[in-house]
Amino acid sequence: MSSVNDIRATFLDYFGRNGHEIVASSPLVPQNDPTLMFANSGMVQFKNLFTGAETRDYVRATTAQKCVRAGGKHNDLENVGYTARHHTFFEMLGNFSFGDYFKENAIELAWNLITKEYGLDASKLLVTVYHEDDEAANLWKKIAGLGDDRIIRIATSDNFWAMGDTGPCGPCSEIFYDHGDHIPGGPPGSPDEDGDRFIEIWNLVFMQFEQMPGERIALPKPSIDTGMGLERIAAVLQGKHDNYDIDLMRALIEASADVSGTDANGSHNISHRVVADHLRASSFLIADGVLPSNEGRGYVLRRIMRRAMRHIHQMGCADPTMYRLVPTLVAEMGAQYGELGRAQSLITETLKLEETRFKETLGRGLRILNDELSGKPSGGTLDGATAFKLYDTFGFPLDLTQDFMRGYGWQVDLNGFNAAMDAQKANARRAWSGSGDSATETIWLDLAQNLEPTEFLGYTSDSAEAIVAALVDGNAEIGEIGKGGKGRMVVNQTPFYGESGGQLGDVGTISWDKGSARVTDTQKTPSGLFIHHVEIDAGTLAKGQEVRLQIDVSRRLRLRANHSATHLLHESLRLVLGDHVAQK
């Protein structure tokens, strides 16, 4: 049996022998795409190569990319543990051509890998093509010898990929594996396509067009982007029908069973699956610089960690346990991803500290839920006010409460939860109204009801790409600010430190296509929005604009040193003069 590590190595070596640069996985936090919370496919790090905004010294590449899907529109969190193929963390194998080879070579390379290198039975394979893509259909016949009955034409967007409303796009061709007629389900495009018999293992994207406003034109140099889920192909090659039965996942599941003193295949099987998946997601996110917090990426990490920790608690573990699984993960994946070993101590301490803190409130929260369930049959609904109390008082994310109730066949009243949330926001708005503080004007409370807290990237980056989420003039939201104008800007993520804790906010610059501006101050609202005071030097800054943010690094360093020196002086005065000394 080929191990997951062997399958990954075979893929990379095969494409390396065929003229592809073997490129390391990019971090989970995208450096070049402000629209994404986490890298969720192999092509993310190559986006600028596909659009022509960047060039490198190679035109073919292959990667094993770390991916996370949790939060935003790409969110598999609630299904993890209950299904055969949902993950928050997964690896995407891919090969890419940047204006070099196209469909014929892509199909030939793919077919030779899966039938010769991996040795899959060709009779169990079938493909889909976009219904207008006769070229791809004819190439599958020529290269793989497939008949029309095993080349399925799909007319929907499932087989046509686009980067966005504009930009590179093109038809797809997906390769499916048939597990046999003893498994329920029909082929792609059929009424029973959601069954488990036919499993997609590889998607080949033929980028041959550019979508312009109102028209689609041919690209002068078509490109290739492919994606193969490592866990999926490993399940096929190892003769498994469930991704959690492959060797890598079984090692983590067995480790979870061992530290919890429970049966890996018994009544806690779903919990072990959750822990195995969430351990990977949590550890890799921490290794890539994300730490648990109450906003942005850090909040998603905290939700993932606490969901796993709740399952660990349910297995009877009185003490923090999740951190004890880190050595097994490093042993399984550390050879491919050296960052796991380098960050092992940070991962261990972060998991241990978070579970210690969470356990302080977890028991009380679970007692409330158990009281609600006591003596009641399956199929009930938890009232929204109770769910909100758990969220607001005990730090239970809504999906954690839903996950717990799901285990007992219960649902949560989402309308009631949202009503309680809205009532709290309204109370907060009334409390802050009229304060006169620029960071707490009612406009920011209004915006906070519709915007996510700004993701702060400044601990690891002094520049970043972002999207303008809001522009404000006075106490009103506006659509744009022209040359010479002044205003305040909120973006989805920023390296600019917002004034707090006695340290002044950052200043710096913003640039975008045909425009630039200066940031003269940065503040942070109680709701977590970072307010950038901007003065436009060129062009027009508009809501929805993609921008490049750059802090004044030398000023940041001077302020940081001054801030630290102030704290040191204050502590020295306290030691000499007494505890009555206070910093005002």
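Biologist: Which ring does Arg 216 lie over?

Modeller: Arg 216 lies over the face of Phe 209, and the distance from the ring centre is 5.9 Å. Keep in mind that this is a predicted model.

Biologist: And what about Arg 406, where does its charged end sit?

Modeller: The charged end of Arg 406 is over the ring of Tyr 82, 3.8 Å from the centre of that ring.

Biologist: OK, rings on rings now. How many aromatic pairs does a search of the whole structure find?

Modeller: The search gives 20 aromatic pairs. One of them is Phe 15 with Trp 202, an edge-to-face pair with 6.4 Å centre to centre and 85° between the planes.

Biologist: Which parts of the chain does that pair link?

Modeller: Distant ones: Phe 15 belongs to helix α1 (residues 4-17) and Trp 202 to strand β8 (residues 198-212), 187 residues apart.

Biologist: Are Phe 15 and Trp 202 buried or exposed?

Modeller: Phe 15 is buried, and Trp 202 is buried too.

Biologist: Then Phe 89 and Phe 284, is that pair stacked or edge-to-face?

Modeller: Stacked, with 4.5 Å from centre to centre and 10° between the planes. That pair also links distant parts of the chain, with Phe 89 in strand β3 (residues 89-97) and Phe 284 in helix α7 (residues 269-287), 195 residues apart.

Biologist: Why does Phe 89 count as buried?

Modeller: Because its relative accessibility is 0%, and buried means under 20%. Phe 284 counts as buried as well, since its relative accessibility is 0%.

Biologist: Which residues form one aromatic cluster?

Modeller: That cluster is made of Phe 46, Phe 50, Tyr 58, Phe 96 and Phe 98.

Biologist: Let's switch to the overall layout. Which domains is the protein divided into?

Modeller: Domain 1 covers 4-243, domain 2 covers 246-367, domain 3 covers 378-435 and domain 4 covers 445-553. Between domain 3 and domain 4, the C-alpha centres are 31 Å apart.

Biologist: Next up is helix α8. How many residues does it have?

Modeller: Helix α8 (residues 296-314) has 19 residues, and from its first C-alpha to its last it reaches 27 Å, close to the 27 Å expected.

Biologist: How many of the α8 residues are buried?

Modeller: 16 of the 19, so α8 is mostly covered. After α8 comes Gly 316, with a positive phi near 95°.

Biologist: Which residue other than glycine has a positive phi?

Modeller: Lys 514 does, with phi near 70°. Most residues other than glycine have a negative phi. Lys 514 lies in the loop between β18 (508-512) and β19 (515-524).

Biologist: Is Lys 514 buried or exposed?

Modeller: Exposed, because the relative accessible area of Lys 514 is 74%, and the cut-off for exposed is over 50%.

Biologist: What about Leu 557, where does it lie?

Modeller: Leu 557 is in helix α16 (residues 553-577). Leu 557 counts as partly exposed because its relative accessibility is 48%. From Tyr 101, Leu 557 is 456 residues away in sequence and 47 Å away in space, C-alpha to C-alpha.

Conventions. Residues numbered from 1 in each chain as written. Predicted model: local features only at pLDDT ≥ 70, side-chain atom pairs only at ≥ 80, totals over all residues. Heavy atoms only, no water. Phe/Tyr/Trp six-rings, centres within 6.5 Å; stacked < 30°, edge-to-face > 60°. Helix = DSSP H or I, 4+ residues; strand = E, 2+ residues; numbered from the N terminus. Buried < 20%, exposed > 50% of the residue type's maximum accessible area, 1.4 Å probe, protein only. Lys NZ or Arg CZ within 6 Å of the ring centre and 35° of its normal. Domains from an automatic or database assignment. Expected span 1.5 Å × (residues − 1).
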